[in-house]
Structure formats: structure tokens, C-alpha cells
Amino acid sequence: MTARKSGSRLESEIERCRSESQWDKIPELVRQLSAKLISNGLCLEKVPSSSPSLSNKNSPSTNRSPAEREQEIITCYEKSGDIALLYLQEAEKVSGIQNRSPKPGPTSQDLELGYFLETGLQRAHVIHFKNGNLTQGVGRFREILRAVETRTTQNLRMTIARQLAEILLRGMCEQSYWSPLEDPPTVSPLDNPTQKGLTYSKNYTLSRRPRVYSGENLFCPQENTEEALLLLLISESMANRDAVLSRIPEHNNDRIISLQSASVVYDLLTIALGRRGQYEMLSECLERAMKFAFEEFHLWYQLALSLMAAGKSARAVKVLKECIRLKPDDPTIPLLAVKMCIGPLHWLDEGEKFAKMVIDMEEKAAEFRGKGYLAIGLVYSLKATDGKFCSSLSPTDHLAAFYLALQLAVSRQIPEALGYVRQALQLQGDDVHSLHLLALLLSAQKHYHDALNIIEMALSEYPENFNLLYTKVKLEAMCRGPEEALLTCKHMLQIWKSFYNLTNPSDSGRGSSLLDRAIADRRQLNAMTLPDFSDPDTGSVHATSIAASRVEQALSEVASSLQSSAPKHGPLHPWMTLAQIWLHAAEVYIGMSKPAEATACTQEAANLFPTSHNVLYMRGQIAELRGNMDDAKRWYEEALSINPTHVKTMQRLGLILHQLQRYSLSEKVLRDAVQVNSTAHDVWNSLGEVLQAQGNAAAATECFLTALELEASSPILPFTIIPRAL
Amino acid sequence: MLGSERGVVEEWLSEFKSLPETRIPSYAGSLHLKKSLVPALYRVIQDPNNELLEPVCHQLFELYRSSEDRLRRFTLQFLPELVWVYLRVTASRDRQSNGCIEALLLGIYNLEIVDKDGNSKLLSFTIPSLSKPSVYHEPSSLGSMALTEGALCQHDLIRVVYSGLHPQRETFTAQNRFEVLCFLMLCYNSAVVYMPLSSYQSVCRMSSRVCVCGFPRQQQKLWREPCNRVLLDPEFMVQMLTAVYHAIYNGEWEMGQEALEDIVYRAQLELYSQPLLLGNAMKNSLPESAPETQRGRKVLQVEVTPTISRISISAITTASIRRHRWKREDADGMSGGEDSFNINDPDEGFSSGASNSSQPSGTKTGGSLGQRGSLNSSSSSFKKAITARLSRDKDKEKDREKERERDRERQQSPPGSIKLDAIHLSPIKKHLSFPAGHPLVRTGSTSSSKSFDCMNLNLNGGEDEREEAAGGSDKETGPLLGGSLRHSTVSLQEEHLNRPEESQALLSPGAPLTKQSRSPSFNMQIISQV
């Protein structure tokens with residue numbers, strides 16, 4: 001009773017001061033008033049509900065239900081909170097402190113939230129949640145956050161924004177969401193069912209309410225994750241501002257506090273953005289966390305993972321190095337690095353170093369040890385050295401058996417390879433690469449029909465795998481005639497169209513629409529093909545050949561990357577795939593001796609990649625088909641100027657030179673080709689012919705024998721089109 | 001299976017079939033009252049040889065097809081169990097016995113990918129941007145990021161499609177398997193709040209088992225049924241994590257945490273970055289102990305957290321640095337300071353992400369991209385230079401005077417000796433006037449350092465600031481350098497590349513221009529003029 005009275009007296013006192021512009025008095029009065037209200041609430045909470053409380057004699061206490069008591073408690077807190085917000089806003093407005101945060105006003109007598117004000121602002125929603133009344137708790141959170149911020153409430157808002165984001169991420173979902181400007185649903189699964197009928201309604205009025213954010217075009221979240229993200233970004237910006245930068249021991253505690261509060265925010269951001277697949281934006285956010293990250297493993301590791309997920313491999317590997325320094329015992333970290341080194345980066349030496357780290361951990365690496373050996377074997381195998389890795393360490397890992405098979409296949413030990421690929425297939429029956437390898441091995445044994453059957457079986461499980469389809473085209477041209485192969489090419493074009501019109505746009509890039517991405521892709525594409533010719537700075541032979549081999553590498557790996565939905569190496573793939581399809585079609589037409597159609601197909605590919613050596617090589621073949629040897633020679637030479645190590649081109653060029661009777665030059669070209677790839681049987685054959693023409697019969701015989709031997713184990717497409725990645 | 005359970009299921013099967021259309025809403029309301037039904041249905045689903053499996057799957061699909069949300073959710077609660085049974089059978093040799101579960105999963109998928117009018121559903125959301133006012137904030141109140149270039153770039157809110165345009169599927173193939181399952185889990189997660197506790201248990205069980213079966217960790221589990229390894233997809237694991245995360249905070253604290261551990265374990269073995277990223281974040285942000293369960297399932301909890309000045313005022317923070325600058329600004333009597341700071345301040349973070357985003361790819365694609373990156377940044381710093389100059393017109397007057405003074409000096413001393421000065425002075429001055437660092441080198445190698453050191457630029461931002469902060473305390477001893485400290489390092493590096501005359505302005509006006517006090521960049525300029 002007395003509390004009430006003095007409460008209202010205080011209220012009118014405040015109003016009076018306000019009208020008389022005695023601003024300096026108001027904070028004290030407000031503090032008194034909310035202290036009154038809050039102690040009221042605290043008392044009510046303490047007093048057991050059965051005993052009639054003294055302070056509420058005027059209410060019909062005898063038949064007051066617990067519900068009413070709750071109501072009264074909450075009213076006390078909410079009212080005090082609202083009053084506090086309102087007057088803090090007014091006080092600040094008047095004292096001229098615009099809440100441009102970083103700048104302390106000239107008269108910076110920073111108002112401070114006392115214990116009472118803070119309790120008033122936080123206690124109400126805490127009670128809601130305690131009672132299992134989520135809907136109203138969220139509502140109260142939002143009310144406080146919508147009120148225009150003051151300097152004094154900044155810390156509080158940071159905490160509350162984070163807490164609300166937690167509730168949104170942990171306790172709500174898309175279907176149970178309602179936007180801050182909508183009315184909450186009347187029946188909500190969020191609320192504790194035992195509390196039904198206990199809905200709390202606001203029963204106090206204030207003459208003025210705290211000012212809320214308003215204006216045209218205010219962004220209002222419409223979705224669960226949206227609101228959580230907005231709150232977390234706000235929270236992040238504040239946490240960032242409080243980052244304690246000094247490292248002197250006296251500030252250790254402060255630093256830990258600021259680190260912890262930021263770290264929670266960044267974890268929540270990770271959860272929110274991760275479930276929407278927005279890894280690129282996430283990596284940008286986590287980069288901002290780096291000012292906290294000195295010697296903090298978790299933040300470094302998360303940054304590395306987000307960069308990796310966003311496809312920024314080079315930076316990810318660098319950050320992982322720091323992670324390894326901070327936590328040298330964790331085998332996962334170097335393995336992640338190897339994965340990127342082997343995959344998108346092709347940094348084989350780096351990869352070898354990382355893989356050795358894992359192996360050097362020995363017993364400590366436990367289950368990862370097998371992976372370590374697998375990784376190093378892969379690196380060696382990619383370096384085309386003799387890779388022997390230990391698959392006995394993880395006999396249940398189908399990858400080990402598969403890569404062993406692949407390595408044996410590359411070194412043309414076909415029967416042994418078949419044994420291992422069968423083992424891999426037993427462990428993982430529908431692994432696409434194992435199936436593909438099996439088909440290629442069968443084709444190496446010249447069982448083309450069996451190979452085609454395997455490919456078709458694999459395609460029934462992976463109908464959109466271009467890598468398999470390329471092989472299928474080759475095999476069909478061989479077994480069923482070129483018409484079938486052309487049909488498959490057409491089918492591939494259809495798949496390409498539907499695949500990239502229907503692809504999941506969320507997988508990378510922040511938000512751009514598909515069309516935008518396609519355009520961006522094309523732009524990048526131009527940028528990528530440019531350095532081949534027009535960039536004067538990279539004019540040295542070495543630079544161009546690297547650029548060319550990059551293009552080549554990318555082209556030949558196009559297919560490999562399209563397996564299932566997982567891999568996203570780069571934005572170029574859709575176009576490279578398309579070019580590849582056209583080139584395959586051109587090849588089939590060449591096989592049918594139809595130069596006009598082949599030219600048309602090649603032109604399609606050339607529109608996408610005018611300077612690709614593959615395109616130029618195909619042009620050369622068409623010229624050859626037309627009997628135009630000079631043109632053909634020119635095209636081949638151009639192709640070699642872009643990629644000096646393209647074996648197929650070298651072989652054709654050698655052949656033409658042979659026909660033009662320029663034997664020694666031809667021999668030189670072919671010998672170079674053999675250096676690059678010693679398993680290309682047609683090169684050996686051509687070399688033999690040249691040597692024969694030069695009268696070197698003994699050497700020629702040897703070449704022919706080699707060619708014969710290699711031909712017997714030659715697959716329809718090189719084994720290396722099967723991707724090797726961890 | 002017990003006879004009573006069988007009876008319950010059979011009754012449920014026949015009851016719905018004979019139900020008239022009008023009574024469906026009341027039926028939906030009363031379904032949850034059949035306490036023994038849900039456990040009995042789990043039994044049926046778990047047993048591939050149960051002859052009730054087919055009618056049950058059929059009926060579950062019928063419920064899902066109805067327009068009543070509660071009936072759809074009734075079916076949805078079994079999704080985790082169905083996915084588990086499906087994946088287990090796929091991993092085993094015997095693939096034929098999966099038929100009706102596959103059909104049910106595909107049926108739900110095909111219903112969910114279209115909206116009511118039969119159009120492909122597009123699930124999208126907007127990425128909020130702090131540079132646009134919202135119901136919770138005003139851009140200007142969050143500090144100086146409002147006008148940064150990066151923030152302006154992102155001024156438009158971006159709408160992102162995170163799932164959509166899925167094609168109808170008639171059969172499962174190895175290739176589309178996880179596309180379908182991911183989408184189904186997405187549906188489950190979008191209604192996860194409505195699921196009963198038994199479904200949370202099922203999702204935790206499913207996640208644990210799918211991740212460990214066939215791996216050494218399975219030996220440590222109570223569940224040891226021999227089973228082949230199940231291939232998993234990173235996106236699918238992210239969806240599992242989302243469901244498990246919800247379970248942890250809504251009644252399944254222990255089971256949920258076990259599942260979380262198992263998913264992280266598997267993500268490590270598979271070297272999948274996405275689930276590892278989320279899993280780490282979830283583990284790291286777990287409260288230390290289980291929240292007290294008050295009334296059954298709800299364990300979400302909020303506490304009154306004291307927020308008042310937990311960080312002592314003396315500590316150097318990003319904000320305090322800025323305040324520091326403000327004071328100095330005021331002391332210097334600079335007008336329009338706020339604007340110039342808005343533009344130069346990289347530490348707020350809003351700009352850094354966006355403006356740096358053009359750089360990281362530099363190393364990957366080599367020369368061309370790196371150069372483009374540096375072009376961008378130099379043009380932006382050029383802009384900065386212009387604006388900064390505008391705001392410092394006043395200083396210009398003084399500068400011109402100084403310039404004249406310098407000219408005089410220059411004429412007096414022979415050019416050779418100045419060169420010597422430059423060589424001697426720069427290393428000595430370095431520790432004090434770090435912003436003026438080694439501009440000669442930097443100008444020369446802008447593009448290369450941009451592309452190769454982009455990491456340093458971004459990552460060391462924090463450390464640089466610390467350095468700057470340390471410099472701040474030096475300020476008392478070396479008032480001469482006070483002015484230059486205003487700038488954060490990143491902007492300084494750029495500024496010094498492009499406007500040597502600006503660094504002259506940084507020399508405080510009152511300082512006597514002796515040889516010792518010359519900043520190296522000043523010498524540099526002389527050299528270039530000589």
C-alpha cells in the first residue's frame with residue numbers, strides 16, 4: 001500500500017521535473033521509483049503464495065490465485081523496466097548526448113544501470129521462461145530490444161540480443177515463428193501446457209511509452225534465422241567494440257571476459273549461418289573475430305573451417321598452419337590441409353609435408369593414421385612416383401583399397417588392380433569411382449561390352465555423373481557405333497541444362513541469384529583465359545605454360561568434380577563441362593568423318609574457351625580430316641604453344657611432321673611426348689615409324705614392341721580421369 | 001512384437017480408413033492421446049520383416065497427405081527412424097527389403113517440394129545488414145561503419161535461396177539419396193518444435209548410429225549390431241546437427257550431447273569442414289552443466305546476467321581507442337572529424353569483410369586477380385585520400401607554410417646528404433613512427449604484397465591495433481607523433497601508398513623541423529623530387 005502510494009507519488013514528481021526541465025533530478029527519481037517497484041516484485045516472489053502478503057492488503061488477497069500473484073510480480077518488473085527505458089532515453093536526449101556510441105559526451109557523467117534498473121529489465125522475461133512461457137518471454141525480449149538504445153543500455157542490449165538469438169536458435173523453428181510486428185500465436189507449442197489459461201496480459205498503462213525504432217522501410221525479420229542473424233550481428237558489433245586489445249597481465253581478466261562474450265556470439269553466428277549454408281559470409285564474420293584470436297585455438301580453427309567450407313582453400317591452409325602450431329597433437333588439422341592441397345590447390349609438396357606430420361604422430365594419431373598413409377600415398381601417386389601405401393592399417397576403408405587399385409592400374413598392372421577394385425566394391429558397393437575404375441580396367445582388357453555394362457549400371461545410380469558419361473560415349477562409339485554415342489552426347493547436353501538450371505543456389509556465394517552467378521562465372525572465365533595471350537606481364541614461357549596447364553588441369557578435372565552433389569571446386573565448372581561435352585561430340589563426328597558437324601561442335605566449345613588447347617587440338621584434327629595438313633600443323637602448334645605438354649597434340653604433330661618428311665624434328669617432338677607420358681602407346685608407335693623411316697630399324701622395333709605391349713593394357717580413357725581426393 | 005501392440009496398430013489402421021472427412025480435425029486432435037500407439041509404431045518400423053510395415057507406411061503417407069497440420073506432424077515424428085532404417089538397409093547387402101520405407105520417404109519428399117498450387121517451392125531468407133535500419137537498431141548507433149565502402153556495397157538486403165527447385169524423384173539412386181534426405185531433414189527441422197520427446201530420442205539415436213556404425217567407436221557403444229559403414233554427406237550431417245542441437249536444449253541433454261560428439265567424430269574422420277565447423281561451435285557454446293529441468297521437457301533457460309561495466313575502464317579496447325582519438329580530435333579542434341573517421345576506420349568490422357573479400361582469392365588464381373585486387377584497393381584509398389583532404393583544408397594552410405619552409409631547407413642542403421639521411425633515419429625512427437614505416441618499399445611492391453600478404457593484412461588487423469594501442473601510451477613521451485596515431489594501421493598502409501603529402505600533414509604543426517624529426521616518408525619525397 002505504502003509502496004504503491006509512494007510509487008505514484010514518485011511518478012508525478014518525475015512528471016513535474018520533466019515539465020520544469022529539471023533534468024538533473026530525474027535520474028535519481030527514476031532510480032528510486034524502479035527500486036520501489038522491483039523490491040515490491042522481489043518481495044512478492046519471496047512470499048509463499050499461501051500466506052496473504054502485507055503489502056497487498058488492499059487487493060482481495062484471500063481469494064487471490066497464484067496466477068494473479070505471478071501477474072502482479074511480472075507487472076512490477078515490466079513496469080519498472082519500461083519506466084527505466086523511457087527516462088534513460090529522455091535524459092540522454094536532453095543532455096545532448098546523441099547515442100553515437102563511441103563518442104562520450106562532453107558532459108559524460110555516464111549514467112549507470114544500477115542493480116535495480118537492471119533487475120527490472122531482465123527479471124520479467126526470466127520469470128516468463130522459468131514458467132515455461134516462451135511466447136511471452138520472447139515478446140518481452142523484443143519489447144526491450146525495440147526501444148531505442150541509450151548509452152546506458154548498450155551492454156544490456158548486447159546481452160539480451162544474444163539471449164534472444166539463443167532462444168530463436170534453440171527453442172524455435174520456422175513453423176513456430178512469428179515476426180516481431182505480428183501478434184503471437186494464441187496457442188503455441190512453445191508454452192508449457194500446464195500453464196494454459198495463465199496467459200498474462202499487460203494491465204498497466206504508462207502515459208508515455210519508451211521510444212521504439214521507427215521510420216520508413218525498417219527491416220523487420222520474417223523468419224527465424226533472419227531474426228537470429230540480425231540480433232547476432234548487432235551483438236557482434238558491440239562485442240567487437242569491447243575487444244580488449246592490451247595484453248598486459250592486469251587486463252587478463254578483462255580480456256578473458258571480452259573474449260568469452262565474443263566467442264559465444266561467434267559460435268551462434270556459425271550455427272545460424274551454417275544451417276543456411278552461408279559459409280562465405282561466415283568466413284567474413286569469423287575474420288572479424290581475429291582481433292580476439294591471439295593464441296585462441298578455437299577461433300583460428302573455426303576460421304580455417306569456414307574458409308574451407310567457403311572454398312577459399314589457399315587461405316584456409318595458411319590458417320590451418322597456425323592451428324597446427326597451437327595444437328600440434330590433433331591429426332585432423334593436417335589432414336584437412338592435405339585434403340585441400342591434394343584437391344583444389346594441387347600443392348603436392350605442401351600436402352606431403354602435412355601428411356608426414358600425421359604419420360609422425362604414430363600411435364597418437366589412432367584412427368587417423370591410416371588416413372595419413374592414404375594421404376601420403378595419394379600425394380605420391382599424384383606426383384606420379386611410385387606410391388605404396390599401407391592399406392592394412394584400415395582394412396575397412398574402401399578408399400585405401402580403391403586408391404591401391406588405381407595406382408596399380410596407372411602402372412598397368414591390370415589383374416592386380418582388378419583384385420583391389422573388387423575389394424573396394426565389396427566394402428562400398430555403390431562408390432562411383434570404384435565402379436568407373438572397374439569399367440576402365442575391363443576396357444583395358446578389351447572387354448568393351450562388359451565395361452559398357454558396368455558403366456550403365458553405375459549410371460543407374462549416378463545418372464548425372466559426366467565423368468561416367470564421357471567414358472560411356474567412348475565405349476559406345478567402340479561397341480555400338482557412333483550414332484549411339486551421339487545420342488549420349490545429346491543426353492549429356494540435356495542433363496547439363498537441367499542440372500545447372502536446377503542446381504542448388506545456396507551452396508556458395510552469398511545470395512546472388514543463379515543468373516547473377518552465371519554471369520559472374522562468365523566474367524571470371526574471361527579473366528581466366530586472358531592471361532594466356534594478352535597479359536604482357538606473364539609473357540615468359542614458364543608463366544604461360546603454368547597458366548595453360550591450369551586451364552588444362554581444370555578442364556580435365558571438370559568431370560571428376562561433378563560426382564554427386566558434394567564438390568564445389570570453383571565457379572568455372574558448369575562452362576567447362578559444357579565445353580567438354582561439345583568436344584566429345586566433335587570427336588565422335590571426327591570418328592564418323594563428318595568434318596562440318598565436328599567444326600560446329602568445336603565452335604561451340606571455342607565460344608566458351610577460345611584459347612583452350614583442347615579446342616585447338618580438335619581444330620587440328622578436323623583440318624587433318626579435311627586433308628589440310630598445313631592448317632592442321634598450324635593448329636597443333638598453337639595448341640602446343642598454350643600447353644607444351646599436351647601428349648595427344650604432340651603425337652599428331654609428330655605424325656604430320658613425319659608425313660612432311662621432317663624426320664628429325666618429328667622424332668624430337670615424339671621423344672618429348674614419351675617423356676611426358678610413357679604409357680601412350682600410339683606415341684611409341686609413331687616414334688617407331690619415324691625411326692624406321694630414318695633407317696634405325698633396331699630402335700624402331702623396340703618402339704613397336706613397347707607400343708604393342710602398352711596397347712594390350714590400354715584403357716579406353718586414361719585411368720587418371722578418375723579424381724584423386726581425400 | 002507383443003500382441004497388445006499389434007492390436008493397437010491394427011485398430012489405428014482400421015480406424016482412420018473408416019473415418020469420414022468431417023471428423024478428421026477431431027481425430028487429429030485426439031491422436032496424441034493414444035499413448036501406446038507411437039511406441040508400437042516404432043516397433044513396426046524397426047522390424048523390416050513385420051507384415052504390418054507396408055500398411056503402416058501407407059497409412060503414414062495418407063496422414064501426411066491430409067491437409068491437417070497435426071496429422072502431417074504425426075507422420076513427421078517418425079522421419080528420423082525411417083531415415084535410419086533406410087540408411088542401414090542401403091549400407092547392407094540386401095537392398096530389396098527397403099521398398100515401402102523408400103516409397104514413404106520419396107512420397108513425403110515429392111509432396112514437400114511443391115507448394116499448394118503445385119509450383120516448385122523456393123525456400124529463401126534475407127541476410128540482414130546492419131547498414132539498413134531495422135526494428136532493433138539504427139545504423140548510426142552502432143558506430144562508424146555506416147559510411148564505409150563495404151557497408152554501402154551491401155546496402156541492399158540480399159535474399160538467398162537456401163533450398164529450392166528440387167525435381168520430382170521416382171526412385172532413390174546413390175546420387176540423389178542425400179539430396180532427398182537432406183531436404184526431408186530440412187522439413188523435419190522446420191517443424192522440430194512440434195515433435196514429441198520420443199522423436200528427439202530417435203533423431204539422436206539415428207545420428208549416433210549412422211555416424212559410428214562400422215567404425216572403431218561403435219565398440220564403445222551399447223549398440224553393437226554389426227553393420228556396414230554408412231556413407232554420409234556433409235550437408236546431411238549439418239541437418240542432423242541442427243536437429244540434435246534442438247534436442248539438446250529441449251529435454252535430451254545427455255543423448256543429444258552424445259549424438260553431437262559422434263557427429264563431430266565422424267566429420268573429423270571424413271574431413272568434412274561444414275559439419276565440423278557447426279559441431280565445434282555447438283560444443284563450444286554448451287553451458288557447463290545441464291540446465292535444471294523444471295517441468296519436463298523445457299530446459300531452455302535465461303538468467304539475469306549482470307552487465308554493468310565488467311570490463312575495467314583502463315583496459316584498451318577497440319572502443320576506447322576510438323574514444324581516445326575522439327578526445328584528441330576535439331583537442332586538435334578538427335572539424336568534420338567524424339566523417340573522416342568513418343571513412344578511415346577499418347576496425348569496426350563491417351567494412352572489412354566486404355572490402356577484403358576481393359582479395360583472398362588473389363593467391364589462388366595468381367597474378368591477374370591479385371593485380372585486380374590491388375587496383376580496387378588503391379582506388380578506394382584514393383577516395384579516402386580525397387575525403388580526408390577535404391576535411392583537412394584547414395591544415396593545408398599550415399602545410400603550405402611548412403612546405404615553403406622545407407623548400408628553403410632543401411635548397412640549403414646538398415641532395416646527396418639528404419639521401420644519406422633517409423637511409424640512416426628510417427630504421428632509427430621505425431619504432432616510434434611506425435605508421436611511416438617503409439613507404440619506399442611498399443610503393444614498389446604494392447601489387448605483389450597485396451596478393452601474397454592478404455592474409456597478413458586481414459589477420460594481423462587485431463595485432464596491429466594492439467601495436468597502435470601501445471603506441472598510444474607512448475604518446476605522452478613523444479607528442480610529436482601524436483597526430484599520426486589517429487590512424488589505424490590498415491588505413492595507414494594504404495594512405496601512405498597514395499598520398500605522401502598527407503603524411504606530412506601528420507607532423508604536428510608546432511614541431512621544429514630538425515633533421516632528426518623528419519619522418520622517413522618526408523625524406524622519401526625529397527628523394528623523389530631530387
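Predicted model: local features only at pLDDT ≥ 70, side-chain atom pairs only at ≥ 80, totals over all residues.

Reader: Which domains is chain A divided into, and how is the size of an interface often given?

Author: The size of an interface is often given as the accessible area lost when the parts come together. Chain A comprises domain 1 (396-463) and domain 2 (482-721). Between domain 1 of chain A and domain 2 of chain A, about 1200 Å² is buried, and carbon and sulfur atoms give 64% of this area. On the side of domain 1, R412(A), L440(A) and K446(A) supply 46% of the area buried against domain 2, more than any other three residues.

Reader: How many residues are in contact, and how many salt bridges and polar contacts are counted between domain 1 and domain 2 of chain A?

Author: In chain A, 16 residues of domain 1 are in contact with 15 residues of domain 2. The count of salt bridges between these domains is 0, whereas 6 residue pairs are in polar contact across the interface.

Reader: Which helix gives the most to the side of domain 1 of chain A that touches domain 2?

Author: Both α15 (398-410) and α17 (432-444) of chain A supply at least two residues of that side; α17(A) gives the most, with 8 residues. By class, this side of domain 1 of chain A has 11 nonpolar, 3 polar and 2 charged residues.

Reader: Turning to the loop, is N50(B) buried or exposed?

Author: N50(B), in the loop between α3 (37-46) and α4 (53-65) of chain B, has a relative accessible area of 9% and is therefore buried. A polar atom of the N50(B) side chain lies 2.8 Å from the backbone nitrogen of L52(B).

How values were computed
Residues numbered from 1 in each chain as written. Chains lettered and ligands numbered in written order. Heavy atoms only, no water. Helix = DSSP H or I, 4+ residues; strand = E, 2+ residues; numbered from the N terminus. Buried < 20%, exposed > 50% of the residue type's maximum accessible area, 1.4 Å probe, protein only. Polar contact = N/O pair within 3.5 Å; in protein donor to acceptor, adjacent residues only side chain to side chain. Domains from an automatic or database assignment. Contact = heavy atoms within 4.5 Å. Buried area = accessible area lost by both parts, 1.4 Å probe. Salt bridge = Lys/Arg side-chain N within 4 Å of Asp/Glu carboxyl O. Nonpolar A, V, L, I, M, F, W, Y, C, P; charged D, E, K, R; others polar.
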